[in-house]
Every structure is written in structure tokens, then in C-alpha cells.
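Here is a friendly walk through one protein model, with an eye on how its side chains pack and pair. Have the viewer open as you read.

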Amino acid sequence: MRKAVSLLSAVLLAGCSAETPEPELRATLVGSNDVVLDWPAAEPGAAGRVLEFATEAGGEYTVLQFMPPGQRQYTHPDLIPRTHFHYRLRSFAGPASGTVAVALPPGEFDEAAQALNHDWAEPVRTPGSARHSVRTAEAAPTDFRAVVRHANGIQFTWTDNATDEEGYLLELKTTGDYRVAAVFEPDVTSAGLITLPEEKTATYRVRAFASGPPPTVADVRTGQED
């Protein structure tokens with residue numbers, strides 16, 4: 001998961017409320033140091049879920065994976081022996097933009113590419129122009145565009161139409177389902193992405209999002225060292 005994803009932990013934590021918690025999250029130790037997590041189906045209208053873990057109760061959580069709403073299991077492998085792991089699961093909702101397909105030119109992100117000016121990739125915020133609640137279809141980002149900056153860099157721009165979003169998710173699809181590639185703060189309307197080698201050709205969209213019900217939490221202790 002890329003650097004920007006870490007922003008979501010703080011964003012989602014801020015969304016806790018008195019709503020009914022999500023259905024139960026279950027953590028099962030398999031062998032000594034693998035944990036299998038499973039959970040019931042997402043509530044209607046959820047755009048996806050985020051699974052996080054921490055090694056201290058009340059500690060800082062780290063994102064394990066953003067998942068499509070239909071995913072119901074995840075294996076966290078090869079964990080530190082004799083350690084208590086805490087997990088939480090939260091859904092999110094919000095409308096997505098239209099899509100753009102991008103085909104990048106050949107070339108790797110090498111030292112020459114790293115030496116280029118990447119100011120275009122910095123997120124730009126444009127507060128004050130939105131008009132719709134993030135839980136309505138009208139809040140979907142519009143004018144979503146992609147500009148190829150080099151063989152592994154794309155700049156995205158969009159119009160913010162949501163008044164109360166907790167942030168934006170940049171999603172991409174090469175095959176199968178869309179997945180989250182980056183997370184941005186509220187009111188962002190421009191940002192860049194440095195792609196991975198397998199993302200030379202992909203389809204992108206951006207989503208305004210808000211947190212769902214409070215997270216469910218599960219914990220488990222790993223086994224003895226071999």
C-alpha cells in the first residue's frame with residue numbers, strides 16, 4: 001500500500017459515532033503465527049471496507065487492506081510470535097466519479113525519473129465550492145481527468161461537489177475489482193500518483209467518502225516461537 005494510504009487511519013477514527021456497530025469481526029489463530037479474519041456481508045450501500053491492526057490496545061492502527069464490499073475474509077500471515085494483535089473493520093460509503101483509462105509509455109521509475117520535478121504530484125485543496133452531502137449521488141466528483149507526466153507518473157484533477165466528505169479515495173483497476181491506490185484529505189481537487197510496474201495500463205476513478213458504522217474489533221495472541 002502506498003504512502004498516502006496511512007492518512008485514512010486518522011480520517012476514519014474521526015468518524016466514530018453512536019451508530020450501530022458493524023456485524024462481528026472474528027480473528028482465528030491458524031498454526032502458530034497466521035491469523036485468519038472473517039466477517040459478515042457489508043451493510044447495503046457500502047462502497048468498501050478497510051481492515052486495520054495494532055499490537056497494543058488503544059495503539060496506533062495500520063491499514064492492512066482496503067477491500068471491495070463483497071470480500072469477507074483476509075489472512076494476516078507470518079506474524080511476530082507471542083504478540084497480541086488487535087484488529088478492526090470499518091465500512092465507508094460515497095459516490096465515485098466517472099472513469100478514465102490511462103496507458104503509460106514504456107520505462108521504469110529509475111534514478112532519472114526520481115530526479116524530475118514532482119511538484120505536480122502534491123495534493124491541491126480547493127475548499128468552499130462544494131454543495132452536496134457526500135451521501136448523495138450529486139456529491140460524486142466531476143470533470144475527472146488524467147494527465148501523463150512521465151512513464152510512471154499521472155496527475156489527476158477533479159471537481160469537489162461534496163460538502164462533508166472525510167476525504168477522497170483514488171481507485172484503480174487493472175483486472176478484477178477496483179482497489180484503493182491513494183487517500184487524500186477533504187477538498188483535494190488535484191494530486192499525482194507514481195504507478196507500480198504492473199500498472200502501465202489501468203482504469204481510474206476518484207471517490208468522495210464518509211465512514212460507516214463504528215468499527216468492530218477482534219483480538220488474538222500469536223503462539224510460541226519455534
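Ala46 has a relative accessible area of 13%, so Ala46 counts as buried. Please keep in mind that this is a predicted model. Ala46 sits in the loop that runs between β2 (34-38) and β3 (48-54). Which residues is Ala46 in contact with, once its neighbours within four places in sequence are left aside? They are Pro69, Ser91 and Phe92. For Ser91, the C-alpha to C-alpha distance from Ala46 is 6.2 Å, although 45 residues separate the two in sequence.

**Aromatic pairs**

The model holds nine aromatic pairs. In one of them, the ring centres of Phe92 and Phe209 are 6.2 Å apart and the planes meet at 70°, so this pair is edge-to-face. Phe92 belongs to strand β6 (residues 84-93) and Phe209 to strand β14 (residues 201-211), so the pair ties together parts that are 117 residues apart in sequence. Both Phe92 and Phe209 are buried.

Another pair is formed by Trp158 and Phe184, with centres 6.2 Å apart and planes at 40°, so the pair is tilted. Here Trp158 comes from strand β10 and Phe184 from strand β12 (residues 179-184), so the parts tied together are 26 residues apart in sequence. Are these two residues buried or exposed? Trp158 is buried, with a relative accessible area of 5%, and Phe184 is also buried, at 5% relative accessibility.

The two pairs are set out here.

| Pair | Distance between centres | Angle of planes | Kind |
|---|---|---|---|
| Phe92 and Phe209 | 6.2 Å | 70° | edge-to-face |
| Trp158 and Phe184 | 6.2 Å | 40° | tilted |

Trp158 and Phe184 also belong to a cluster linked by ring pairs, together with Phe144, Phe156, Tyr168 and Tyr204.

Rings meet charges as well. The charged end of Arg88 sits over the ring of Tyr61, 3.8 Å from its centre. Arg205 lies over the face of Tyr178, and its distance from the ring centre is 3.8 Å.

**Nonpolar cores**

In soluble globular proteins, nonpolar side chains tend to be buried together. The largest nonpolar core of this model has 24 residues. Which of them touch the most other members? They are Phe144, Phe156, Trp158, Phe184, Leu193 and Tyr204. Two or more residues of this core come from each of β7 (100-103), β10, β11 (167-173), β12, β13 and β14. The largest share, five residues, is given by β14.

Beyond its neighbours within four places in sequence, its contacts include Val100, Phe144, Leu170, Ala191, Leu193 and Tyr204. Arg145, Thr189 and Ser190 are also among the contacts of Phe156.

Apart from this core lies another one, of 16 residues, including Leu51, Phe53, Met67 and Leu89.

Definitions and conventions:
Residues numbered from 1 in each chain as written. Predicted model: local features only at pLDDT ≥ 70, side-chain atom pairs only at ≥ 80, totals over all residues. Heavy atoms only, no water. Phe/Tyr/Trp six-rings, centres within 6.5 Å; stacked < 30°, edge-to-face > 60°. Helix = DSSP H or I, 4+ residues; strand = E, 2+ residues; numbered from the N terminus. Buried < 20%, exposed > 50% of the residue type's maximum accessible area, 1.4 Å probe, protein only. Lys NZ or Arg CZ within 6 Å of the ring centre and 35° of its normal. Contact = heavy atoms within 4.5 Å. Core = buried A, V, L, I, M, F, W, Y, C linked by side-chain atoms within 4.5 Å.
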